[in-house]
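Q: Could you walk me through the labels used for this one, and say what backs each of them?

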Amino acid sequence: MALDPQYLDAIKGFEGYAAQPAWDYKQNSSGYGTRAQAGDENIPPDQLKAVHEQRYQAEIEKAAAHVDSVNPNLPAGARAALVSLTYNAGPGWSQSGLGELVKAGDLQGAATRLLEYNKAGGEVNPGLVARRQKEAAWFNQQPQPAPASPAAPAIAPAAPMNIAPPASGLLSNVGGLLNANQQAQPSGGGLLTPDQPAQMPAIQFAQRRSPDLSKLKAAFKAPTFSRG
């Protein structure tokens, strides 16, 4: 598993960068503290840093594999600190008290023991003292959770409705249908459909009779009486 970029950049910062080989206590080093190789002087200057980056990544992978062989279940910070130590000082720590603490999972004890790896050439080196203090602090760093995704809204907004304009003559047909329904309604109470013709109920009138005038004629023929 690759180291987090923040740790990779920090280790580069500890080591510094040198384009040309220089003696580094026990070897000629160049780039980010990796061993210089024969023929480096023939590498074009515009390709040199890329070569050093490749060597750096290769050595980091070797150091990480060694740490995982000692304890494959380390937190990211503790693992990065031991990878940095291995890259800088070699894998000898795993055969000492520090290695026993790491195998046992005693991370606090391992962080304290790590501070003792501060010598170069048999003497305490101020640069290594500062480096080991920063590496020891990584033991207490916990991986940061990934940022939460924005919560989706509980109700999605309704999609806009596309209402097509009425076809020519549609409104007039509807109006005619309404007029037909208003003129007649079936006994069931529902509206008539267009294929049901409107029927008006038949109205029956009584047969006309001639008036009886016989009584009226008799009244006119009766004698008239007068008072004396």
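A: Let's start with contact, which means heavy atoms within 4.5 Å. On that basis, residues 24 or more positions apart account for 48% of the contacts in the protein with a separation of 6 or more. Bear in mind that this is a predicted model, where local features need pLDDT of at least 70 and side-chain atom pairs pLDDT 80 or more, while totals for chains, interfaces and linings use all residues. Residues are numbered from 1 along each chain as its sequence is written, and side-chain values use heavy atoms, with hydrogens and water left out.

Q: Why is helix 2 called oblique to helix 3?
A: Helix 2 (residues 45–70) and helix 3 (residues 76–89) pack at about 120 degrees, with axes 8 Å apart. Angles under 35 degrees count as roughly parallel, over 145 as roughly antiparallel, 65 to 115 as roughly perpendicular and the rest as oblique. So helix 2 is oblique to helix 3. Among the residues making the contact are Tyr56, Ile60 and His66 of helix 2 and Leu82 and Thr86 of helix 3.

Q: What is the relation between helix 3 and helix 6, and why?
A: Helix 3 and helix 6 pack at an angle of about 155 degrees, their axes 7 Å apart. That makes them roughly antiparallel to each other. The angle is taken between N-to-C directions, from 0 to 180 degrees, using axes fitted to C-alpha atoms, for helices over the stretch in contact. The contact includes Ala81, Ser84 and Leu85 of helix 3 and Arg131 and Glu135 of helix 6.

Q: How do you know whether glutamate 135 is buried or exposed?
A: Buried means under 20% relative accessible area, exposed over 50%, and partly exposed in between (1.4 Å probe, protein chains only). Glutamate 135 has 0%, so the residue is buried. Glutamate 135 is found in helix 6 (residues 126–138) and touches Phe14, Ala81, Ser84, Leu85 and Leu114, not counting residues up to four places away in sequence.

Q: What makes the pairing of glutamate 135 with serine 84 a polar contact?
A: A polar contact is a pair of N or O atoms within 3.5 Å; within protein, one must be able to donate a hydrogen and the other to accept it, and residues adjacent in sequence count only if both atoms are side-chain atoms. The side chains of glutamate 135 and serine 84 are joined by one of 2.5 Å.

Q: And serine 94: buried or exposed?
A: Serine 94 has a relative accessible area of 3%, so this residue is buried. Serine 94 lies in the loop between helix 3 and helix 4 (97–104). The side chain of serine 94 makes a polar contact with the side chain of histidine 66 at 3.0 Å, and a polar atom of the serine 94 side chain lies 2.9 Å from the backbone oxygen of proline 91.

Q: Which label does tyrosine 25 get, and why?
A: With a relative accessible area of 52%, tyrosine 25 is exposed. Tyrosine 25 sits in the loop between strand 1 (18–23) and strand 2 (28–31), and has phi near 70 degrees, a positive value in a residue other than glycine.

Notes: Helix = DSSP H or I, 4+ residues; strand = E, 2+ residues; numbered from the N terminus.
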